[in-house]
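Me: I've got a model open and I'd like to learn how to read it. Could you walk me through it?

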Amino acid sequence: MPHLLHIDSSIQGERSISRRLTARAAAAWAAAHPGGTVTYRDLAAAPLPHLDAESGTARMVPPDQHTPAQAQSWEVTRQLVAEIEQADTILLGLPLYNFGPPSTVKAWVDHLIAPGLSLDPDTHEGLLGGRDLVVLAARGGGYGEGTPRDGWDHAQPWLPHGISLTGLEPRFITAELTLAEVTPAMAELKPLAAESLAAAEREIDGLWAPVAAG
């Protein structure tokens, strides 16, 4: 039975564009996979523990040598890896905060880099490949080539590298200029913002649409 893992990370609630996009994608997936099942994780409402000096080294020590704190951290990692193993498709909402990913997404990725669970400790081969990871990204400004902030987005370029050891390969659908509607100084960019959002929504709608014959 097809299974979807749907992950949100925005702190903006109903105002969030990335949540709007993941919800649309989840609905499109459900329509294309009748009877499919869904696991939902909200990294903003229930943040994962960041790796710290007491527990973070669990990934560097054999499980039978774990301290209680390391064992607790390792169990979180085991659960997160299991969520991915059970999924055929993963949707990740990725807003841009201060030119980088939310720290909650970084914590999620850090937990996933786990020898013996997500990568082979001997060959370093990723063990989570073969799944469709669709990242629905939202950026408040414009970061395209030739714009004043070209290269300032450190979330989208980072994620493929950050998660590469697991074998996952994300593909991105991005809406930008999302702050134009609420920022007076960006008022003249509203048409471009609407165009970017509409393009992202069209791309989402085509993700699992049947291909016409002939």
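Predicted model: local features only at pLDDT ≥ 70, side-chain atom pairs only at ≥ 80, totals over all residues.

Me: Where does isoleucine 11 lie?

Reply: Isoleucine 11 is in the loop between β1 and α1. Its C-alpha is 5.6 Å from that of alanine 44, although the two are 33 residues apart in sequence.

Me: Is isoleucine 11 buried or exposed?

Reply: Exposed means over 50% relative accessible area. Isoleucine 11 has 63%, so it counts as exposed.

Me: What should I look at in helix α1?

Reply: Begin with its length. Helix α1 covers residues 17-32, 16 residues in total, and reaches 23 Å from first C-alpha to last, close to the expected 22 Å. Then think about its faces. An α-helix has 3.6 residues a turn, so residues three or four places apart point the same way. In α1 the buried residues are Ile17, Ser18, Arg19, Leu21, Thr22, Ala25, Ala26, Ala28 and Trp29.

Me: How many salt bridges does a search of the whole structure find?

Reply: It finds eleven. For each one, check the N to O distance, then where the partners sit in the chain. Take arginine 41 and glutamate 83, whose closest N and O atoms are 2.8 Å apart. This pair links distant parts of the chain, with arginine 41 in strand β2 and glutamate 83 in helix α2 (residues 68-85), 42 residues apart.

Me: Are arginine 41 and glutamate 83 buried or exposed?

Reply: The cut-off for buried is under 20% relative accessible area. Arginine 41 is at 17%, so it is buried. Glutamate 83 is at 15%, so it is buried as well.

Me: What about the salt bridge between arginine 171 and aspartate 132?

Reply: Their side chains meet at 2.6 Å, N to O. Arginine 171 is in strand β5 and aspartate 132 in strand β4, 39 residues apart. At 38% relative accessibility, arginine 171 counts as partly exposed.

Me: And what is the N to O distance for aspartate 153 and arginine 139?

Reply: That salt bridge comes in at 2.8 Å. Aspartate 153 is in the loop between β4 and α4 (158-162), while arginine 139 is in strand β4, 14 residues away. Both aspartate 153 and arginine 139 are buried.

Me: Which residues are linked in a network of salt bridges?

Reply: Arg20, Arg24, Glu201 and Asp205 are.

Me: Now pockets. How much space lies in the largest pocket?

Reply: About 580 Å³. Next, see what lines it: there are 26 residues, and Arg15, Ile17, Gly140, Thr178 and Leu179 lie nearest the centre. The elements giving two or more residues to that lining are α1, β4, β5 and α5, and α5 gives the most, with four. By type, the lining divides into 13 nonpolar, seven polar and six charged residues.

Me: Which residues lie nearest the centre of the second largest pocket?

Reply: Gly140, Gly141, Gly142, Tyr143 and Arg149, out of 13 lining residues. Its volume is about 200 Å³, and its lining has seven nonpolar residues, five polar and one charged.

Conventions. Residues numbered from 1 in each chain as written. Heavy atoms only, no water. Expected span 1.5 Å × (residues − 1). Buried < 20%, exposed > 50% of the residue type's maximum accessible area, 1.4 Å probe, protein only. Salt bridge = Lys/Arg side-chain N within 4 Å of Asp/Glu carboxyl O. 1 Å grid on protein atoms, 1.4 Å probe; cavity = no way out; pocket = protein on both sides within 12 Å on 5 of 7 lines; lining within 4 Å. Points joined across faces, edges and corners; volume = space filled by probe spheres on them. Nonpolar A, V, L, I, M, F, W, Y, C, P; charged D, E, K, R; others polar.
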